[in-house]
Amino acid sequence: MDVIDVSIIAIYIVLTLAVGIVVSKKASKGLKSYFLGGNNIKWYFLGLSNGSGMFDISGTAWMVGILFLYGVKSFMFMWLWPVWNQVFVMMFLAVWIRRSNIMTGSEWILTRFGNDKSGRASHIIVAIFAIVSSIGFIAYFFEGVGKFLTVILPWDLECVLGSHILLTSEQSYALIIIILTTIYTIKGGMFSVVATEVLQYIIMVIAGVLVVAYVFFSISDVEIASVITEEWKNVFFGWELETHWGEKYQAFNNLVDSEGYKMFGAFIGMTLFKGFFASIAGPTPGFDMQRILSTKTVKEAAYMSGFTNLILFIPRYLLITAIVVIALITLSPEMNGNPLLNGGDLEVLLPKVINFQIPVGIKGLLLAGLLAAFMSTFSAFVNAGPAYIVNDIYKKYFKPEATPKHYIKASHISSFLLVGLGVTMGFFTNSINSLTLWITSALFGGYVAANFLKWIWWRFNGWGYFWGMLAGLIIASLQFVLDQNKGTFSEGTILCELANLHAIYLFPIIFLFSLLGSFLGTCLTKPTHIDVLKSFYKDVRPWGWWKPVYRKLQEEDVTITKNTDFWKDMLNCVIGIIWQSSMIVLSIYFVIRDYPKALIALVVFLITSIILKYTWLDKVKKLPN
């Protein structure tokens with residue numbers, strides 16, 4: 001690395017730490033100030049922070065790999081998360097969640113199921129889920145940033161800590177960055193997280209624009225056309241994937257055949273099935289929900305969620321596509337038939353491109369931007385996870401009466417504990433891809449059923465929620481253990497078959513187990529107290545099967561309008577998914593110079609934006625401040 005690039009990275013790290021520590025003074029007033037910024041942060045700053053938090057380095061490395069291999073239609077792989085849960089949040093869920101005026105997602109559960117034994121059981125299980133998912137994401141980031149930095153940086157940091165402890169360079173680099181990020185996150189809570197994430201978002205956008213400009217100036221249209229096939233550029237698909245690469249790059253066609261996505265129609269069908277239920281279930285109890293709860297008003301919660309969609313996808317996919325174009329032109333011949341492809345390890349494409357193909361100066365800015373992507377996402381989870389430990393477990397069940405200073409100290413300790421557990425898990429994972437699939441398909445699969453039912457069915461109670469979540473968590477954890485030990489099972493055994501089954505195809509099994517737990521827990525126990533249900537329905541006003549509760553409120557002469565917007569909200573979600581997808585496709589076609597298709601994507605984006613102005617934005621404007 002050139003001294004200019006090293007200097008840019010050093011300046012960025014010092015600036016981030018300085019901003020985080022200076023702003024941290026605002027976080028000492030209490031837990032609400034520490035975890036929610038006292039509900040005083042502007043919605044557009046929270047939107048930038050939310051978008052920055054989703055711009056993570058591990059996900060970016062994964063998306064570079066799948067776009068390189070599968071072409072334009074690879075954006076549908078993002079539906080695994082599913083990315084369009086942000087659309088559902090934007091259209092109606094942000095408003096429902098923010099009306100609660102509480103601090104965390106698990107505390108919000110008490111407003112739905114009450115504070116009796118069943119309500120507390122549901123409260124504890126969602127807090128446990130939030131903590132487990134935060135640990136899983138920290139492991140995911142640990143794996144990604146270590147792999148990234150080892151390829152980029154020239155120094156061997158292999159470290160011996162004892163006779164039985166050997167840290168590889170990947171692990172050493174990851175630990176250094178994690179420690180630096182943890183310092184300002186723990187010090188300043190939500191204020192520091194948002195301030196640094198806004199700075200990091202600006203750096204990421206500048207870096208992306210510079211890389212795109214470099215691609216346009218250094219790579220010709222003819223060079224791109226010589227590698228990219230028409231099928232690679234085709235956004236449409238059939239039941240089975242067509243040949244994406246020419247005969248010259250047969251190794252890549254072979255890799256596509258071996259990845260498990262050849263039956264693309266079935267794969268997309270499964271992601272749509274999962275995505276619908278996961279999106280209505282709402283955001284998981286993590287940093288996304290914390291941003292919603294941090295907004296000043298219900299109206300600003302909706303604005304923030306819409307703004308997150310608008311500012312995230314275009315800059316992110318401009319950068320991803322630019323990296324892929326450089327890889328297509330410069331690395332494809334080298335990688336074709338290379339042993340690298342034997343393991344399908346395309347996650348190293350991103351650091352390889354930066355290391356060998358990006359010029360001095362731009363390289364430093366891009367590295368700073370990608371470090372910013374890692375630090376912003378990591379800090380968001382380190383801020384969100386301890387809120388559940390301190391507010392929902394420690395304060396509620398162990399130390400209900402203490403000073404704000406005491407709770408903030410407890411938050412610091414729980415943050416260190418959470419990071420330590422996440423890093424430990426990171427030591428035992430095989431790849432970013434295995435963690436991605438476990439988090440998106442198995443862990444989130446256990447979350448979906450119970451959280452889908454909590455919105456739409458009045459009879460669903462706290463015990464149903466508890467057993468539904470517990471069943472999902474147990475099956476998801478078993479799937480992770482099987483996946484990590486699949487090499488130890490004998491061929492032909494059921495354990496071997498389950499361990500090698502693609503995680504997305506396990507989702508229906510996890511969903512059904514969770515659904516069974518939800519129904520049995522609900523039907524074998526008493527309903528939630530009617531006063532809790534009336535309070536919840538009056539405040540949140542969801543659509544679904546709430547007729548008995550609505551009638552009770554009418555009998556008491558409570559003035560309330562029944563929510564009949566289900567079909568309007570679903571139509572808005574369909575339009576929103578097309579709107580979101582058009583931003584991604586527009587960015588890809590623009591960078592690969594397919595201007596006719598880029599123009600079509602732009603027209604789709606403009607038309608859907610105009611429709612959403614009338615069907616969503618005008619509706620949000622009428623909400624109370």
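Reply: A helix here is a DSSP run of H or I with at least four residues, numbered from the N terminus. The model is predicted.

Serine 118 sits in helix H7, residues 117–152. Its relative accessibility is 9%, so serine 118 counts as buried; the cut-off is under 20%. Beyond its neighbours within four places in sequence, serine 118 contacts Gly462 and Trp463.

Serine 305 belongs to helix H14, residues 298–330. At 1% relative accessibility, serine 305 counts as buried. With neighbours within four places in sequence set aside, serine 305 touches Val89, Met90, Ala94 and Ile292.

The axes of H24 (residues 530–540) and H25 (residues 547–555) come within 10 Å and cross at roughly 90°. H24 and H25 are therefore roughly perpendicular to each other. On the H24 side, the contact uses Ile530, Leu533, Lys534 and Tyr537; on the H25 side, it uses Val549, Tyr550, Lys552 and Leu553. By class, six of these residues are nonpolar, none is polar and two are charged.

Now the salt bridges. The structure holds ten. One of them pairs glutamate 231 with lysine 73, with the closest N and O atoms 3.0 Å apart. Glutamate 231 lies in helix H10 (residues 230–233), and lysine 73 lies in the loop between H4 (57–70) and H5 (85–98), so the pair ties together parts 158 residues apart in sequence. Both glutamate 231 and lysine 73 are buried.

Lysine 233 pairs with glutamate 230, the closest N and O atoms being 3.3 Å apart. The two residues are three residues apart in H10, about one turn of the helix.

Lysine 233 has another partner. Aspartate 594 forms a salt bridge with lysine 233, and the closest N and O atoms are 3.7 Å apart. Aspartate 594 lies in the loop between H26 (566–591) and H27 (595–621), and lysine 233 lies in H10, so this pair ties together parts 361 residues apart in sequence. At 9% relative accessibility, aspartate 594 counts as buried. Through shared partners, salt bridges join Glu230, Lys233, Asp594 and Lys597 into one network.

Conventions: Residues are numbered from 1 along each chain as its sequence is written. This is a predicted model: local features need pLDDT of at least 70, side-chain atom pairs count only at pLDDT 80 or more; totals for chains, interfaces and linings use all residues. Side-chain values use heavy atoms; hydrogens and water are left out. Buried means under 20% relative accessible area, exposed over 50%, partly exposed in between (1.4 Å probe, protein chains only). Contact means heavy atoms within 4.5 Å. Axes are lines fitted to C-alpha atoms, for helices over the stretch in contact, and angles run from 0 to 180 degrees between N-to-C directions. Angles under 35 degrees count as roughly parallel, over 145 as roughly antiparallel, 65 to 115 as roughly perpendicular and the rest as oblique. Ala, Val, Leu, Ile, Met, Phe, Trp, Tyr, Cys and Pro count as nonpolar, Asp, Glu, Lys and Arg as charged, and the others, Gly among them, as polar. A salt bridge is a side-chain nitrogen of Lys or Arg within 4 Å of a carboxyl oxygen of Asp or Glu.
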